[in-house]
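Here are some notes to read alongside the model. Have the sequence and the 3D view open as you go through the points.

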Amino acid sequence: MYENLLERFIAYAKVDTRSDDSSYTVPSTHNQVTFALELAKELIRIGLEEVEYNETNGFLTATLPSNTAEAVPVIGFIAHLDTADFNSVNIHPQVHCAYDGGDIVLNEAEKIILSPKEFPRLRNYIGETVITTDGTTLLGADDKAGIASIVTACEQFIAHPERKHGKIRLAFGPDEELGARGAKLFDVDRFAADFAYTIDGGPIGNLTYDNFNAAQAELTIRGTSVHPGSAKDTMVNALLVASQFATALPQHETPERTSGYEGYYFLTCQSGTVDEVKQTYYIRDHDRDGFAARKRLFTEQVATFNSQFADPRISLTLFDQYYNMRDIIEQHPVVVDLAVQAYESCGITPVFKPMRGGTDGCIISHKGLPTPNLFSGTENGHGKYEFVTLETLEKSVDVIMAIAEKNAALVGTAEVAGNTGHVAVAEYSVEIG
């Protein structure tokens, strides 16, 4: 349907833009800068204006000027440049036309198969063009799919000036996969949109404005290492203390035992020896009070363990990463209204599900720019079984364009409140809840 969409997505996917949690440059990897600068050339080539790469925060921004004489709110569309912590070197996307519902061999030599027996959602895409990995890398559809859809939508608007829209702002930013680290540097005032959407939201139909509140806890457990032959009443095995600490947390409140709105504690990284162990935990909860209670329990457990020793053995660094965007979005229902209307006009049923994670939109929303998350089409993200279909990418383009067109048609129903990104709507809204 969209001539350049498949080629564009594959070209983006092939670029290694993996972020690096151990790096504190902005962006965390130079490959993201290289990709952003090449993308800037493409945006200029297709006719976008105010194309700018900001070296301070790693964001590439651009403008599609309004083609209507009416004053309508400015919409932003946002996607992230980086890919997740999985092999991203030498990505070779595979295109499988007219998927027949059976197994897809990703890598014959390694016997890596994408099977509907293991991934039953594959059956939702029978007859479609499925784009997969070759079994050795991730695909990077999270979030190259979002970038490709946004760029293609703008290209279509430029090619079809009869389709009316207000001013559209684009932003492509770094390091979303690092706890939305990049979005913390996003300049909302300079972006100058009234509301926005991230295109980073999984299967077709997903419409998300409810995500985890998130914190990270970093423990250093100090042991005392002596020869085991003379260890009695002297050795403190940091490895054993670390194990005991992890099992003292509620064992039914881990990622693999929770779903929906249930929060969790997640031991995500551990390294060390008898002498010293370092652990990293993610603490997650959708409810702000529940989030506070989880952090309090974690802190109290550190104190309890330390009380067993003459001197404290465990040091804790605990910090918040991001918050639930729902707290902001529910004050500005127009952003959800427009998306719902756009989905339905494209024949898509909105699927409202809590996000068991975060996205740039939660950070940006709390900066004052309401930014819910729309589907990008990605399935099985962050690994070798990641895939997306061309038809879903096309639907994503359709939705982006429908949102912009419906926004332009709503003259008189929406009033922009100042330049803070807050929109007050009097005449229509859907209930958020």
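1. Which residue caps the N-terminal end of α5? N237 does, with a side-chain oxygen 2.9 Å from the backbone nitrogen of L239. A word on names: helices (H or I, at least four residues) and strands (E, at least two) are DSSP runs, numbered from the N terminus.

2. Some ground rules before going on. Residues are numbered from 1 along each chain as its sequence is written, and side-chain values use heavy atoms, with hydrogens and water left out. This is a predicted model, where local features need pLDDT of at least 70 and side-chain atom pairs count only at pLDDT 80 or more, while totals for chains, interfaces and linings use all residues.

3. Staying with α5, which spans residues 238-248, its buried residues are A238, V241, A242, F245 and A246. They sit on the same side of the helix, because they cover an arc of only 135 degrees around the axis; that arc is taken from the directions from the helix axis to the C-beta atoms. Buried here means under 20% relative accessible area, exposed means over 50%, and partly exposed is in between (1.4 Å probe, protein chains only). The cover over these buried residues includes β11 (213-222), β12 (264-272), β13 (276-285), α6 (288-306) and β14 (314-322).

4. α5 turns up again in the second largest pocket, where α5 and β12 each supply at least two residues of the lining. The largest share, 3 residues, comes from β12. The volume of this pocket is about 170 Å³, and its lining includes A246, T247, P250, Y265, F266 and Y281. By type, the lining residues split into 8 nonpolar, 3 polar and 1 charged. For the classes, Ala, Val, Leu, Ile, Met, Phe, Trp, Tyr, Cys and Pro count as nonpolar, Asp, Glu, Lys and Arg as charged, and the others, Gly among them, as polar.

5. How pockets and cavities are found: on a 1 Å grid over the protein atoms alone, a cavity is a set of points where a 1.4 Å probe fits but cannot get out, whereas a pocket is an open set with protein on both sides within 12 Å along at least five of seven lines. Lining residues have an atom within 4 Å of a point. Grid points are joined across faces, edges and corners, and a volume is the space filled by probe spheres set on the points.

6. How many cavities of 30 Å³ or more does the structure hold? The count is 1. The largest cavity contains about 100 Å³ of space, and β1 (49-53) and α4 (188-191) are the elements that give two or more residues to its lining. Among the lining residues are E52, Y53, R169, D187, R190 and F191.

7. Most residues other than glycine have a negative phi, and most peptide bonds are trans. The bond from V26 to P27 is cis, with omega near -10 degrees, and P27 is in the loop between α1 and α2. The bond from D142 to D143 is also cis, with omega near 20 degrees; D143 belongs to helix α3 (residues 141-159).

8. Positive phi values deserve a look too. D175, in the loop between β8 (168-173) and α4, has phi near 60 degrees and is buried at 2% relative accessible area. N380 has phi near 55 degrees, lies in the loop between β15 (373-374) and β16 (387-389), and is partly exposed at 26%.

9. Leaving out residues up to four places away in sequence, E155 touches N4, R8 and I46, where contact means heavy atoms within 4.5 Å. The side chains of E155 and N4 are joined by a polar contact of 3.2 Å. A polar contact is a pair of N or O atoms within 3.5 Å; within protein, one must be able to donate a hydrogen and the other to accept it, and residues adjacent in sequence count only if both atoms are side-chain atoms.
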